Amino acid sequence: MEQTRKIPNQPLPTPTSQSKKRRTPLLSFLSKVSWKLRLQKRELLKNALFVLAERARDPNAKKRHLAMRGLGALAREAPDKQVRKYKKVMLDLLVRGLYDPVSSEVIHESVKTLTIMLGKIQGHGLGSFFIDITLQARTLLDDEDDSVRYSAFVLFGQLASFAGWRWKKFFTQQVNQTQDSLLSHLQDESPKVAKACKMTVRACVPYLKPRKEPSFQSEEDQKNHRLSRQLSHCHPEILLFFYANKIL
C-alpha cells in the first residue's frame, strides 16, 4: 500500500496585485450601475410628477381626477424618503385639488391622498398648507357623500395629531367651531363615518376649550366641574355633550 502523503499546513494564498486590479474595475462597474438605477428611479418619479402637475391643471375634470389618483398611487408606492423630498410639489397639487370648484370626485381623491401623505411625512413641513387643508376638511365633515365625510374625518383627526405648537391656537379655534358637526356625526347614519368621527373626537379633546362660567361658584359647583373634566378624559362623547349643552 502506498503511504498517503501528509500535506503540510500552509496559509491561504493572498490575493495578488493582479487579482486586486481585476476586482477594482468590477466593483466600480457595479457601483456605477447601482447609482444609475437609483438616478433613473428618481428621474422617473420627477417626470411622473411633472406630467401629473400638468394634468392637475387641465380644464377637463376627468383628467384632474386621474391626476389626483396618480398622486395617490405615487404617495402609496414611492419610498418615504422620496415622498418627503417632493412633498411641497405634491402638497401644492393636492391642496389645489382639495379646492376644486367643479368636481367632487377631484376633492374626494385629494382628501384620500392627503391622508396618505400626512401619514408618510408625519405632518412635518406642512407650513401654511396646514391652514388650507384644515379649513377645507372642516367643510367636508358635513358633506352629503358618506365616503367624503369618512375621509374628511380621518384627515381632520390626523391634523389634530400633527398641529404642534405652531398651529395649536389656530386648530383650537377650528375644533371649537366644529363642535356641532363632531357631536352630530357621532350618531351618523353611516357606521363607518360614526366610527371615524369617534376617533377624531378623541384626537380633538385636548383642543376643546371649557365654557366660561361666572367667577362666583359654590364649593359644590367646583366639585362637579372637576368631576366632569375628569370624566371627559375617558369619554370624549360625554365631553362633547357637556360642551354642546353648556354644562361645562
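**Reading the model**

Q: What is the relative accessible area of Gln 122, and how is such a value read?

A: Gln 122 has a relative accessible area of 43% and is therefore partly exposed. Under 20% a residue counts as buried, over 50% as exposed, and in between as partly exposed, with a 1.4 Å probe and protein chains only. This is a predicted model, in which local features need pLDDT of at least 70 and side-chain atom pairs count only at pLDDT 80 or more, while totals for chains, interfaces and linings use all residues. Residues are numbered from 1 along each chain as its sequence is written, and side-chain values use heavy atoms, leaving out hydrogens and water.

Q: Where is Gln 122 found, and what is its phi?

A: Gln 122 lies in the loop between α5 (104-121) and α6. Its phi is near 55 degrees, a positive value in a residue other than glycine.

Q: How many helices and strands are there in the protein chain?

A: Helices (H or I, at least four residues) and strands (E, at least two) are DSSP runs, numbered from the N terminus. The protein chain has 12 helices and zero strands. Of its 248 residues, 38% count as buried. The chain exposes about 16,500 Å², of which carbon and sulfur atoms supply 55%; accessible areas come from the Shrake-Rupley method with a 1.4 Å probe, and for residues only the protein chains shown count as cover.

Q: How do α6 and α7 cross?

A: Two packed helices are described by the angle between their axes and the distance between the axes. The axes of α6 (residues 129-140) and α7 (residues 146-162) come within 9 Å and cross at roughly 140 degrees. That makes α6 oblique to α7. Angles under 35 degrees count as roughly parallel, over 145 as roughly antiparallel, 65 to 115 as roughly perpendicular and the rest as oblique. Axes are lines fitted to C-alpha atoms, for helices over the stretch in contact, and angles run from 0 to 180 degrees between N-to-C directions.

Q: Which residues make the contact between α6 and α7?

A: Contact means heavy atoms within 4.5 Å. On α6 the contributors include Phe 130, Ile 133, Thr 134 and Ala 137; on α7 they include Ala 152, Leu 155, Phe 156 and Leu 159.

Q: Is Thr 134 buried or exposed?

A: Thr 134, in helix α6, counts as buried because its relative accessibility is 0%. Leaving aside neighbours within four places in sequence, Thr 134 is in contact with Phe 156, Leu 159, Phe 170, Phe 171 and Gln 174. The buried residues of helix α8 (residues 168-177) are Phe 170, Phe 171, Thr 172, Gln 174 and Val 175. They pack against α6, α7, α9 (179-184) and α10 (191-204).

Q: With which residues is Val 83 in contact?

A: Val 83 is in helix α3 (residues 80-85) and is buried, with a relative accessible area of 1%. Beyond its neighbours within four places in sequence, its contacts include Leu 74, Met 90, Met 117 and Ile 121. The C-alpha atoms of Val 83 and Met 117, 34 residues apart along the chain, are separated by 7.7 Å.

Q: How many disulfides does the count come to?

A: A disulfide is a covalent bond between the sulfur atoms of two cysteines. Here it is a pair of cysteine sulfur atoms within 2.5 Å, and the count comes to zero disulfides. Cys 197 is in none; the nearest cysteine sulfur, that of Cys 204, is 9.0 Å away. Cys 197 is buried, at a relative accessible area of 0%, and Cys 204 is buried, at 1%.
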